[in-house]
Amino acid sequence: MKKLFLLLLLSVFTSAVFAEQHPFIFGLKIQDNLADNALAIEQTYDLHIPVIGLFFDDFSSREYELVADAVDKLGTDRVYHLTVNPLGFTAKELYFDPETKGFKEKYKKLFTLIKEKNLKVIFRFCHEMNGGWYSWASDPIYYPLMWQRVWQWSRDAWLDQKNILFDFSVNSQDLPRVGREMPTQESTVIPCNQTRSANGECLTFEDYYPGDKYVDVMGITAYNWWLGARKEDWAYWRPFATTVDEPGYKTFSRLKSYNKPLYIDEAGTTSIYYTGSYNPDQAK
């Protein structure tokens, strides 16, 4: 059951925290999705990484091989955090034509691997749907329908919460795209704070939610920006607690209201706020 899966995560975390004289990493996104990179870190620092992250903007046969290789080399005694996306396709296209470029076949092949290997997977699918930069985002009609269909494919492969947790992973700010179906350099995103949302001016992550039956984990992406990185009004440096629960958005508080486990899927920050172009010394 889901609770056992989550208790496993908690027990792995606490046992490592209280182990003396050992460095600890709770989760690691593998560089280039190569298992050998994770093994090198574990061997160098004498540690075991409980959560292994892989990130795919497509899921071709090559990506399937990377997952299978990671499982063969790293084993099944850890959780795999898989971010898997159909980059370049809208939610509407994927809903009406799941056979496009083997979309259905790719995902069912992944689910079969999870079942055969008896893996524990946090499945971060089509993340940041409340932003305007991904092809599947900003679609409150077809996004939840597409999500429900992919969830059903996992059940057709005989998966349940013992093996896979579906992670509804939102951006820390609601920044929906307006005016275009697909993102381009000219696409416009608007800051949809709670005041604007209440006035019916824009969409927030709640508008894309596929339903409690289809979601196991509420995730979040949170970034701090230095002034030289982004010029938009919404991109600025703030403390971590403000980053995930910014006044006006209160995203983390809204995620908590669903009474589901919370997971920080993706995060990045500089240590201080500074102006100008990227500076690795200041960014530490």
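A salt bridge is here a side-chain nitrogen of Lys or Arg within 4 Å of a carboxyl oxygen of Asp or Glu, and the close-up views below are taken from a predicted model.

**View 1. The salt bridge between aspartate 245 and lysine 250.** The side chains of aspartate 245 and lysine 250 come together with an N to O distance of 3.3 Å, which lies within the 4 Å limit and therefore counts as a salt bridge.

**View 2. A network of salt bridges that links Asp36, Asp69 and Lys73.**

**View 3. The salt bridge between glutamate 201 and arginine 196.** The closest N and O atoms of glutamate 201 and arginine 196 are 3.1 Å apart. Glutamate 201 is partly exposed at 44% relative accessibility, and arginine 196, with a relative accessible area of 28%, also counts as partly exposed.

**View 4. A patch of negative charge on the surface.** The patch is formed where Glu93, Asp97, Glu99, Glu105 and Glu181 gather. One of these residues, glutamate 93, is found in helix 4, which spans residues 91-96. The relative accessible area of glutamate 93 is 39%, so the residue is partly exposed, and this value also meets the requirement of over 30% for residues that make up a patch.

**View 5. Strand 8 and its pairing with strand 5 and strand 9.** Strand 8 (residues 217-223) is mostly covered, with six of its seven residues buried. Strand 5 (residues 164-171) runs parallel to strand 8 and is joined to it by five bridges; here aspartate 167 has valine 217, in strand 8, as its bridge partner. Strand 8 also pairs with strand 9 (residues 262-268), again in the parallel sense, over six bridges, and in this pairing tyrosine 223 stands opposite glycine 268 of strand 9.

Terms used. Residues are numbered from 1 along each chain as its sequence is written. This is a predicted model: local features need pLDDT of at least 70, side-chain atom pairs count only at pLDDT 80 or more; totals for chains, interfaces and linings use all residues. Side-chain values use heavy atoms; hydrogens and water are left out. Patches are made of residues with over 30% relative accessible area and no salt bridge: like charges are joined within 9 Å, nonpolar side chains (Val, Leu, Ile, Met, Phe, Trp, Tyr) within 5 Å. Accessible areas come from the Shrake-Rupley method with a 1.4 Å probe; for residues, only the protein chains shown count as cover. Lys and Arg count as positive and Asp and Glu as negative; His and the chain ends are not counted. The place of a charge is taken as NZ of Lys, CZ of Arg, CG of Asp or CD of Glu. Helices (H or I, at least four residues) and strands (E, at least two) are DSSP runs, numbered from the N terminus. Buried means under 20% relative accessible area, exposed over 50%, partly exposed in between (1.4 Å probe, protein chains only). Two strands pair if DSSP finds at least two bridges between them.
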